[in-house]
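Morning, everyone. Please look at the screen, and I'll take you through the charged pairs first, then the helices, then the surface.

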Amino acid sequence: MKFFIDTANLDQIREAQALGVLDGVTTNPSLMAKEGITGRNNILKHYVDICTIVEGDVSAEVIATDFEGMVKEGEALAELHDQIVVKVPMIKDGVKALKYFSDKGIATNCTLVFSAGQALLAAKAGATYVSPFIGRLDDISTDGLNLIAEIRMIYDNYGFETQILAASVRHTMHVIDCAKLGADVMTGPLSAIEGLLKHPLTDIGLAKFLADYKKGN
Ligand code: E4P
């Protein structure tokens, strides 16, 4: 399973990259705003900055919601850097744009996916990644992980190549459960990745090894 970090914070991206397990980055307009990155030129520059830190795919979201606007914006984003993946919302014109980009060989990430039917459409349109938002489903008392399982089954039934990018991952158990269910990628905060490291028996065991070493040296 690939690990993407879901942030526009360059320090956190550097930290995840330094750990050596980072495969890419996802961003969205809210994450950009959270870092105070506003204005088209600053946002475009920020995408390029992220691409220079990581080696993998970097999702950059279109703001337009009409087909022509999404195509224009997406083509400009794809021109920025060869690591850019154009993030397109799951709306009617978005599906048309996914198909357009797919035919042109431009990588895409279909975002704001909350149902198996939406994921099926994204795959039919040739999306590179589909992003089911599991945390936001959990927030409204709907099982987000069940959606990952449904999409995995549908994609496997027909051999769709669209990669399932489990998004809106909020914590470490989401990461583990997504791995069990066969998600191709997960994107979440640094804390969810670092949580995988933690086990009290590791800390206790290491403390004992070091104490025993000191006794003999
Ligand atoms: C995915 O690409 C989105 O940026 C993201 O995962 C949304 O997560 P949230 O529900 O925690 O905002």
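Start with D139 and R170. They form a salt bridge, and their closest N and O atoms are 3.1 Å apart. By salt bridge I mean a side-chain nitrogen of Lys or Arg within 4 Å of a carboxyl oxygen of Asp or Glu. D139 sits in helix α7, residues 134–139, while R170 is in the loop between β7 (163–166) and α9, so this pair ties together parts that are 31 residues apart in sequence.

A word on what you are seeing. This is a predicted model, where local features need pLDDT of at least 70 and side-chain atom pairs count only at pLDDT 80 or more, though totals for chains, interfaces and linings use all residues. Residues are numbered from 1 along each chain as its sequence is written, and side-chain values use heavy atoms, with hydrogens and water left out.

Is D139 buried or exposed? It counts as exposed, because its relative accessibility is 52%. R170 is partly exposed, at 38%. The cut-offs are these: buried is under 20% relative accessible area, exposed is over 50%, and partly exposed is in between, with a 1.4 Å probe and protein chains only.

Next pair: R152 and D184. Their side chains meet in a salt bridge, at 3.1 Å from N to O. R152 lies in helix α8 and D184 in the loop between α9 and β8 (185–188), so parts 32 residues apart in sequence are tied together. R152 is buried, with a relative accessible area of 15%. D184 is partly exposed, at 25%. There is a third partner here. Salt bridges that share partners join R152, D156 and D184 into one network.

Now a pair inside one helix. D103 and K99 meet in a salt bridge, 3.0 Å from N to O. Why are they about one helical turn apart? Because they are four residues apart in helix α5, residues 92–103. D103 is exposed at 54%, and K99 is partly exposed at 41%. How many salt bridges does the structure hold? Twelve.

On to helix packing. Helix α8 (residues 144–158) and α9 pack at about 20°, with their axes 10 Å apart. Axes are lines fitted to C-alpha atoms, for helices over the stretch in contact, and angles run from 0 to 180 degrees between N-to-C directions. So α8 and α9 are roughly parallel to each other. That label is for angles under 35 degrees; over 145 is roughly antiparallel, 65 to 115 roughly perpendicular, and the rest oblique.

Now helix α1 (residues 10–19) and helix α3 (residues 40–53). Their axes come within 10 Å and cross at roughly 15°. That makes α1 roughly parallel to α3. R14 is in helix α1, and it is partly exposed at 42%.

Last, the surface. M173, I176 and L196 form a nonpolar patch, with about 240 Å² of accessible area together. Patches take residues with over 30% relative accessible area and no salt bridge, joining like charges within 9 Å and nonpolar side chains (Val, Leu, Ile, Met, Phe, Trp, Tyr) within 5 Å. Areas use the Shrake-Rupley method with a 1.4 Å probe, and for residues only the protein chains shown count as cover. I176 belongs to helix α9, residues 172–181, and is partly exposed at 32%.

Definitions and conventions: Helix = DSSP H or I, 4+ residues; strand = E, 2+ residues; numbered from the N terminus.
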